[in-house]
Amino acid sequence: MPIATGVVELRDEPDGTVTVYVNGVPSSSLRTDFQLDFEYMRHEAAAIAAWDAGRTDHAWLAIHVGAAACTLPRHLAHTHPLSRHIAVDLDVTLAELARRWWDLPRAPRLRVRAQDGLEALSERQAGSLDLIVRDAFGDDAVPVHLAGSDWWGQAARVLRPGGLVTANVAVTPASGSGSSPSRADAQAAREAFTSVIAIGEHAVLKRKRRGNVVLVAATEPDEDLTRALARYAASAPLPTGVDPNWT
C-alpha cells in the first residue's frame, strides 16, 4: 500500500509474525507480544536496558529518529513503563497505519510526529532528553545529514548528563583503505562523545559482510555498561562482538 515516501508491504511469516517492508527493504516486524525479531533492535534494547539499570531515575524521555512502524518504541514502552517516547519520521503515514495494525501506546507515552531527524534535535533545548535512538534509513543507507558531525553534535547538546545514544549503522564490505559512510558516521560520533561502543556480528564489525552495527554513545564513560554489553554479546544467539574502538 502507498505511504508518503513510497510503498509499505506486510508479509506473513511461518511463525505467525508479520514483517514490514518499506520500499522493498525489511523495516520491522509486527507481533502480538513484545519480542524483537531484528537482531540490531535486540542490540539496542540490550544497551538501553543496561544503561537504565545503572540509573536512579527510570522516568526518562527518549526520541526516536526514524519511527517506521514503531516496533522499538512499543517494546521499550512495555519493558520500561516509566519511560516516555517521541517518534519522528518524514513518513508519519506508516506510523499512523501501525496504530491501526497493532496496539501502539497512546500519547503521552508515545507521540508520533512528521519531522526530519536533524530538525527534531536542533529545535530542542539543551539537556532536554535522556535517550536518543537513531534508526533512520533512505533505502538501505542512513541519510548523510543524520550521520555527520551536525547530527552527532546536536545529539550531544540535547542529552542530559548520563544520557545515551544508540544508532543503527549500515555496513558494507570493506573495499580498500578509503573512507566509507559507516566509518564517517562512527568518527563523527567519537568527536561528539567520550565513549562510543559498537555492537554487531563479528564478520560485520570486521567489514567482511554486509549488515548492521549499533553504535552506543554515552556522555561519559560507563564501565558497568561496557561489561553488561560484553555479557550480552557472549550470550547472543549469533556470534556477536563488542568493540570500544570500532571505526
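Which residues in H1 are buried? Hold that thought while I cover the ground rules. This is a predicted model, where local features need pLDDT of at least 70 and side-chain atom pairs count only at pLDDT 80 or more, while totals for chains, interfaces and linings use all residues. Numbering runs from 1 along each chain as its sequence is written, and side-chain values use heavy atoms, with hydrogens and water left out.

Okay, H1. Helices here are DSSP runs of H or I, at least four residues, and strands are runs of E, at least two, numbered from the N terminus. Buried means under 20% relative accessible area, with a 1.4 Å probe and protein chains only. So, the list: Glu-39, Tyr-40, Met-41, His-43, Glu-44, Ala-45, Ala-46, Ala-47, Ile-48, Trp-51 and Asp-52. Because 11 of the 15 residues of H1 are buried, the helix is largely enclosed by the rest of the structure.

Next, the cores. A nonpolar core is a set of buried Ala, Val, Leu, Ile, Met, Phe, Trp, Tyr and Cys residues joined through side-chain atoms within 4.5 Å. The largest one has 35 residues, and Ile-132, Trp-151, Trp-152, Val-165 and Leu-215 have the most contacts inside it. Strand S9, residues 159-171, gives the largest share of this core, five residues. There's also a second, separate core of 24 residues, and Ala-45 and Trp-51 are among them. Both of those are on the buried list for H1.

Last stop, the sheet. Two strands pair if DSSP finds at least two bridges between them. We've got an open sheet of four strands, ordered S1-S2-S3-S4, with antiparallel pairing. The edge strands are S1 and S4. S3 and S4 pair over five bridges.

Definitions and conventions
Buried < 20%, exposed > 50% of the residue type's maximum accessible area, 1.4 Å probe, protein only.
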